[in-house]
Amino acid sequence: MRTAWLLTLLLAALLPAPRPAGAQQLVARPLPDSLSVLKKRADDFVHRQQFDSRGLPLFVHLARSARREGRYGIASANRFYAAVSYLHLGRSDSAARWLRGSVADARRGNKPYWEIKAESRLLDVYTTLGLPDSTRAALARLQALQQRLPPETPGYITLYGALASYYQNEARYPESMRYRLLETAYHRQRRDTANLGVALSNTGEVLYLMGQYREALRYRFEGLRWVRLDASMAGTLPELHAMIAKTYTELHLLDSARYQYETSLRLLQANPDPYGAAYVHSELSGVLARQGRLPLARYHSRLALGVINREGDVGDRAKVNYYAGDLALRDHRPAQALAYLRRAYALARQIKNNDFLEPTSRALAQAEAANGHYAEAYRLRDLSARLLDSAHVASGQRAMAEMEARFQNRDKQQQIAALHRENQRRAAEAARERRATRQALAAAGALLLLLAAIGYLLRQRQRTAARLARQNAELATLNQRLNGSNAQLTEANQTKAKLFSIISHDLRAPVSNLFQLAELADTAPDLLDEATRRQQSGQIRQTARDLLDSMEELLAWSKDQLDRLDPVPEDVALLPALAEIQALYQPLAQRQQIALAVACDPGLHCHADPNFLRVVLRNLVQNAIKFTPAGGRVQLSAEAAGPAAVRLRIADTGAGLAAARLAQLLSDTAPPPTHGLGLRLTREFVQKLGGRLTAHSIPGQGTTFEVKLAVNKALR
C-alpha cells in the first residue's frame with residue numbers, strides 16, 4: 001500500500017519534459033480525431049493520478065492505437081502509464097512486460113525522456129521481484145544512458161532520480177542521498193514548484209530510512225510547502241501528510257502523528273483513493289493503539305481491513321493484518337490476534353522480507369502463547385531471535401566490508417603517491433621500494449586479519465552482554481510486578497476486613513432492637529395494652545426503616561470504598577447528624593433504662609465525610625450505652641472549639657476506666673477484646689477526617705470521648 005503511494009509521489013511530475021529554450025520547433029503531424037480524443041481522456045486520468053482498474057483499459061487501448069499510427073512517443077508514454085496501473089493493482093509481472101514495451105517504443109521513436117522513465121521503473125520492479133541478473137542489466141542500461149545524455153537536461157536529471165531510487169532500494173543511502181541532493185538543487189535553481197516539492201520529499205524519505213528523523217521532517221515540511229503552491233499536485237497532499245505523520249511516529253510525537261494522519265484522511269475525501277485511505281487508516285490505528293485509545297483504533301483497523309482484504313498486493317495485506325493483530329493483542333483479544341497474525345505471517349513468508357517477518361513472528365509467538373500454544377510460541381520466538389541475529393550479522397558484515405574497502409583504497413592511494421615521488425627522486429632504488437611495498441601490503445593484510453578477529457570477538461561479547469542485560473531487565477520487571485500485586489492484594493484484604501467490621505458493627509444495634517421488640521410482642525402479647533402495642537408497632541416500623549436506610553447507605557458506601565478507603569469531605573450540619581444517631585439508639589437506651597440526650601447549636605457545621613462521621617458516632621454511642629448501667633445517662637453534644645474547629649463529646653455515667661487501660665485504648669496496639677475492632681476503626685476514621693480523638697475518664701463517674709474536627713476545608 002505504501003509502495004503504491006510512493007509510486008504516486010514519484011509520478012507526481014510525469015508531464016513531458018519542457019522543451020529547452022532555443023530548441024528548434026518541429027512541425028508535428030496532426031493526430032487523427034479518434035487518437036486525439038483518447039489522448040485527452042488519458043491525459044485527464046494522468047492529471048488526476050488515476051492509475052487503477054478504470055484507467056488501465058484506456059492506457060492499453062491508446063498505446064496500441066498510437067503504435068499502429070507510428071506515434072511511438074505516445075505509445076511509450078501510455079505503455080508506461082499502463083505499467084504503473086498494473087503496479088497499483090499488484091501485478092508486477094504484467095507491469096514489467098509493459099515497461100519493456102515502453103522502453104522499446106521510446107528507443108524506436110527517439111524519446112530518451114520516456115526511455116529513462118521506463119528503464120528506471122523497470123529497475124525498481126526487477127528489484128522488487130528479486131531478479132538480480134535483470135536488475136544489473138537494467139542498471140547498466142541506465143548508466144549507459146547517462147553517458148549519452150548531455151548534463152543539466154531534464155532527461156539527465158530524471159536519470160538522477162532513477163539511480164537514487166535504485167540505491168535507496170538497495171539500502172545504499174549515501175549514494176542515494178548524493179543523487180537526491182543533485183536533483184533537488186537542479187529543480188530549486190529553476191524554481192520548478194511541483195518537481196522541487198517532490199524532490200524534497202524524496203530526500204526526506206532517504207533521511208528517514210537513515211534514521212535522521214528530525215532532518216527528514218524538515219525536508220518533508222519544505223516539500224509540502226512547495227507542493228501546495230501547485231494546484232495540479234493536490235492529489236499528492238494526502239500522501240505527504242501521511243509521510244510526515246510516519247516521521248512523527250518514529251520521534252514518539254504521537255499527538256502530532258495523529259493530527260497529520262487525520263489531515264490526510266480529510267484531504268482524501270476530496271481526492272478519493274481507497275488504497276491510500278486504507279494505508280492511513282492502518283497506520284492511524286497503530287498510533288491510537290499506542291495512545292491507549294483502543295475503540296477508535298479498532299474502528300480505523302476495520303476500515304483498513306475492509307479495503308485491503310478485498311484487493312491489494314501481498315505486502316499491503318501482510319502489513320494491515322499485522323497492525324490488526326497487534327491491536328487485538330493490546331486489546332486483550334488473543335483469539336482474534338491469532339487469526340490476524342497467522343494471516344500476516346503466511347503473507348510475510350510469501351514476500352520473503354525478513355525485516356517484516358521478524359516482528360511478525362515475534363508478535364505471533366506472543367499470540368500463540370496467549371492462546372496456550374506454548375510449543376508453537378517457542379518455535380516462533382526462536383525464529384524471531386535467529387532472524388534478528390542474522391540481520392545484525394548482515395549489517396555488521398556490510399559495515400566491515402565498507403570499512404575494509406575504504407581502508408584499502410586510502411592505503412593504496414597513499415602507496416601510489418609515495419612510489420611516484422620516490423621514482424622521480426630515485427629511479428635506481430625502484431627494486432627496493434617494490435619490496436618495501438610488498439612488505440607494507442603484507443603488514444596491512446595481517447593488520448586487517450587481526451582487526452577482523454578482534455571485531456568478531458567484540459561483537460560476540462557485546463551480543464552476549466546485551467542478551468544477559470535483557471534477561472536481567474525482564475526478571476527485574478517481573479519481580480516488581482509480583483511485589484506490586486502482593487501489596488495490592490494485602491491492602492485489598494485489609495480494606496475488606498475493615499468494611500465488614502463496619503457493616504456488622506453498625507447493623508448490630510438496629511437488628512437487636514427489632515428482634516427484642518418482635519420477641520416481646522410474640523412471647524407476652526397479653527402484657528401489652530392497645531396503646532403500648534400501637535407504640536411498639538410504630539417503633540418496629542421506624543426501626544425497620546432505619547435498618548433499611550442504614551443497610552442501603554452501608555452497602556453503597558462499602559461498594560464505593562472497596563477499591564479506595566478514602567473520605568470525601570463535605571459540609572455537614574451537626575444537629576441533624578446527632579439527632580439521627582439519637583433516633584437510631586433511643587430504643588436500645590430505653591430498654592436499658594438509660595437517658596440518651598443531645599445538645600448542639602442548630603447553626604454548627606463541620607467539614608467531613610458524612611459516612612465516616614456516622615461510623616465514628618455510632619461506635620462511640622454504642623460503646624457508651626454498652627458500658628452504662630441502668631438509670632445512667634449518655635450525652636451527645638457539640639460546641640465550637642475556636643473559629644476553626646468544633647468539638648464533639650460522647651459522655652456516659654458508667655464505671656469509667658483506669659488511666660492505664662484508657663492509654664491502651666488510644667494507642668496503636670490492638671485494643672482489648674471487650675472493645676473489638678470498633679474503637680480502632682473509630683480512631684483511624686477520625687485521623688482520615690483530619691481530626692483528633694481524645695478521652696477522659698474518672699473511675700466510678702464515667703468516660704468522655706472527644707472528637708475535634710475542622711469547620712471548613714481550607715482549615716483542615
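Biologist: Why is Cys600 called buried?

Modeller: In this predicted model, Cys600 has a relative accessible area of 18%, and since buried means under 20%, Cys600 is therefore classed as buried.

Biologist: What makes Cys606 buried or exposed?

Modeller: The relative accessible area of Cys606 is 0%, which is under 20%, so Cys606 is classed as buried.

Biologist: How do you know whether Cys600 is in a disulfide or in none?

Modeller: The nearest cysteine sulfur to that of Cys600 belongs to Cys606 and is 9.6 Å away, whereas a disulfide needs the two sulfur atoms within 2.5 Å; therefore Cys600 is in no disulfide.

Biologist: What makes a set of residues a core here, and which members of the largest one touch the most others?

Modeller: The members are buried residues of nonpolar type, joined through side-chain atoms within 4.5 Å. The largest such core holds 53 residues, of which Phe59, Phe80, Tyr81, Trp98, Leu99 and Trp114 touch the most other members. Among the elements that give two or more residues to this core are α2 (33–47), α3 (56–68), α4 (72–88) and α5 (92–108), and α4 gives the most, with ten residues. A second, separate core of 41 residues includes Cys600, together with Val615, Ile650 and Leu657.

Biologist: Why are β2 and β6 called edge strands?

Modeller: Five strands form an open sheet of mixed pairing, in the order β2-β4-β5-β7-β6. Within this sheet β2 (595–600) and β6 (692–698) each pair on one side only, and they are the edge strands. From one strand to the next, the twist averages 15°.

Biologist: How do you know that β2 and β4 are paired?

Modeller: Pairing requires at least two bridges, and six bridges join β2 to β4 (residues 633–640), so the two strands count as paired, and they run parallel. Within this pair, Ala595 stands opposite Arg633 in β4.

Biologist: Which helices lie against this sheet, and in what directions?

Modeller: Helix α22 (residues 574–591) lies across β2, β4 and β5 (645–652), running at about 175° to β2. Helix α23 (residues 610–626) packs on the sheet as well, where α23 touches β2, β4, β5, β6 and β7 (702–710), and its direction makes about 25° with that of β5.

Terms used. Residues numbered from 1 in each chain as written. Predicted model: local features only at pLDDT ≥ 70, side-chain atom pairs only at ≥ 80, totals over all residues. Heavy atoms only, no water. Buried < 20%, exposed > 50% of the residue type's maximum accessible area, 1.4 Å probe, protein only. Helix = DSSP H or I, 4+ residues; strand = E, 2+ residues; numbered from the N terminus. Axes fitted to C-alpha atoms, helices over the stretch in contact; angles between N-to-C directions. Contact = heavy atoms within 4.5 Å.
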